[in-house]
Amino acid sequence: MEVLLSIISDKFSHLLEFWRSPEAKTGDLFYGDDRSRGLDLGGLLVIVDWDKKQVKKEIPTRTPSGFDYDTHFLYVALGKGEVGIFSHHFNLDRTLSHSYFNDIHAINKTSQGLLVASTGLDAIIEFDNRGS
């Protein structure tokens with residue numbers, strides 16, 4: 001059996017270094033502070049052969065925090081407020097972005113398109129495959 005895993009960050013040390021830096025200690029800090037938003041925190045999609053306990057493939061991508069698929073594509077919530085649409089060979093086909101995509105954490109493929117959990121807005125929004 002093959003399993004697809006999303007690893008939200010494989011460079012978490014970058015975030016720890018930032019929060020220890022003098023830059024992070026200036027001004028008022030608050031939960032959700034976005035000064036670290038530009039950091040490269042890495043992230044991976046990993047295909048594992050569960051029976052053999054072997055990693056078959058690693059696909060670097062930016063902070064994947066949720067995914068779903070259909071017969072044609074894999075839809076991945078990317079940390080930069082985009083949905084990455086990957087082929088079944090795990091090549092990035094295109095991305096969708098929208099002003100409502102704010103801290104996306106989950107995606108669900110529907111007959112109409114995609115349900116997207118935009119946690120930065122405390123909203124669940126349905127979009128067609130073009131992002132409308």
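Visitor: Which residue in the turn between strand 5 and strand 6 has a positive phi?
Guide: Keep in mind that this is a predicted model. Strand 5 covers residues 74-78 and runs antiparallel to strand 6, with five bridges joining the two. They form a hairpin with three residues between them, and the one in the turn with a positive phi, about 75°, is G81.

Visitor: And which residue takes a positive phi in the hairpin of strand 6 and strand 7?
Guide: Here too the strands run antiparallel, and five bridges join strand 6 to strand 7. This hairpin has five residues between its strands, and the residue with a positive phi, near 70°, is F90.

Visitor: How many residues of strand 6 are buried?
Guide: In a regular strand, side chains alternate between the two faces of the sheet. For strand 6, one side holds E82, G84 and F86, and the other holds V83 and I85, all of them buried. That makes the buried count five of five.

Visitor: Is S65 buried or exposed?
Guide: S65 sits in the loop between strand 3 and strand 4. Leaving out residues up to four places away in sequence, S65 touches I8, A77, I104 and H105. Its relative accessibility is 19%, and the cut-off is under 20%, so S65 counts as buried.

Visitor: Which backbone nitrogen does the side chain of D68 reach?
Guide: D68 lies in strand 4. D68 is buried yet has no salt bridge, as the nearest side chain of opposite charge is 8.4 Å away. Still, its side chain reaches a backbone nitrogen at 2.8 Å, that of K109.

Note on methods: Residues are numbered from 1 along each chain as its sequence is written. This is a predicted model: local features need pLDDT of at least 70, side-chain atom pairs count only at pLDDT 80 or more; totals for chains, interfaces and linings use all residues. Side-chain values use heavy atoms; hydrogens and water are left out. Helices (H or I, at least four residues) and strands (E, at least two) are DSSP runs, numbered from the N terminus. Buried means under 20% relative accessible area, exposed over 50%, partly exposed in between (1.4 Å probe, protein chains only). Contact means heavy atoms within 4.5 Å. Lys and Arg count as positive and Asp and Glu as negative; His and the chain ends are not counted. A salt bridge is a side-chain nitrogen of Lys or Arg within 4 Å of a carboxyl oxygen of Asp or Glu. A polar contact is a pair of N or O atoms within 3.5 Å; within protein, one must be able to donate a hydrogen and the other to accept it, and residues adjacent in sequence count only if both atoms are side-chain atoms. Two strands pair if DSSP finds at least two bridges between them.
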